[in-house]
Amino acid sequence: MAQIIERISSVLKRICHAAMRAGRNPEEIKLIAVTKTVPTLLIMEAIEAGLRIFGENRVQEARDKIPEIMQRSPATNLSWHMIGPLQKNKARYAVKLFDMIHSVDSKGLAEEINKQAMKAGKIQDILIEVKLSPEETKHGIRPEGLFELLEFTSGLKNLQVRGLMTIPPYSENPEDSRPYFRRLRELLEEANRKGFPLKELSMGMSGDFEIAVEEGATMVRIGTAIFGERRR
Ligand SMILES: *Cc1c(COP(=O)(O)O)cnc(C)c1O
């Protein structure tokens, strides 16, 4: 317990300092604790330490963990975010489990989430994941297709697009992520000029979140720096 408190306060302090360096209000930045592969007991400790927003990247794992944690937790204001790639056939569960889905990158997926949200009587908050690196394996829509997708989703009544998300290519040097973060912010600004009221920038992980905050992140997704190395 002492260790997790120490790690969380160190992460919060680093977010705070990065925000101040950039002349930003640290309260604009939400910490999403990434709990994939993290055992329930450790997540309970993080809740006890004060964290409230958690990110999972697999629907199946989330279906196993979230109900158990919600039942055991004394805190009633927990929020769960889907940060990993989502298959259309899992959209039904995702809509039930998550307050925010960060990984929408196609019309087909948006349409399916909208349909499931309508059935559930819910307006689903989503982010559009943008692919800014040339790597073939990365998910996300290319910037060239972003505004068409935003146009399309604005016609879906049970979806609310809140912002953009990206994952830069892995690098040992956090500075390598900066151009990707900056590009995502520019795309958000361009979207705003075109009349799309997006606010959120989900960017930055354990290795590069300070750079992301300097470049305008409103959500940082942090696993390892809080929970330690993952086993899988
Ligand atoms: C695992 C994961 C993270 C957190 O990664 P860390 O390096 O452990 O902080 C953030 N975002 C996504 C999409 C992830 O899958």
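## About the model

The model is predicted: local features need pLDDT of at least 70, side-chain atom pairs count only at pLDDT 80 or more, and totals for chains, interfaces and linings use all residues. Residues are numbered from 1 along each chain as its sequence is written, and side-chain values use heavy atoms, without hydrogens and water.

## The chain

The chain has nine helices and eight strands. These are DSSP runs, with helices being H or I of at least four residues and strands E of at least two. The chain's radius of gyration is 17 Å, close to the 17 Å from the globule rule for 232 residues, so the chain is as compact as a globular protein of that length. The radius is taken over C-alpha atoms, and the rule is 2.2 Å times the number of residues to the power 0.38. The C-alpha trace spans about 50 × 40 × 30 Å along its principal axes.

## Around the ligand

The shell around the ligand holds five nonpolar, three polar and three charged residues. Among the residues around the ligand are Val34, Ile83, Met205 and Thr224. A residue is near a molecule if one of its heavy atoms lies within 4 Å of it.

## Polar contacts

A polar contact here is a pair of N or O atoms within 3.5 Å. Lys36 places a polar side-chain atom 2.6 Å from a ligand oxygen atom. Gly223 uses a backbone N or O atom, 2.8 Å from an oxygen atom of the ligand. Arg230 has a side-chain N or O atom 2.8 Å from a ligand oxygen atom. Taken alone, the ligand exposes 390 Å², and the protein buries 89% of that (Shrake-Rupley method, 1.4 Å probe).

How values were computed
A polar contact is a pair of N or O atoms within 3.5 Å; within protein, one must be able to donate a hydrogen and the other to accept it, and residues adjacent in sequence count only if both atoms are side-chain atoms. Ala, Val, Leu, Ile, Met, Phe, Trp, Tyr, Cys and Pro count as nonpolar, Asp, Glu, Lys and Arg as charged, and the others, Gly among them, as polar.
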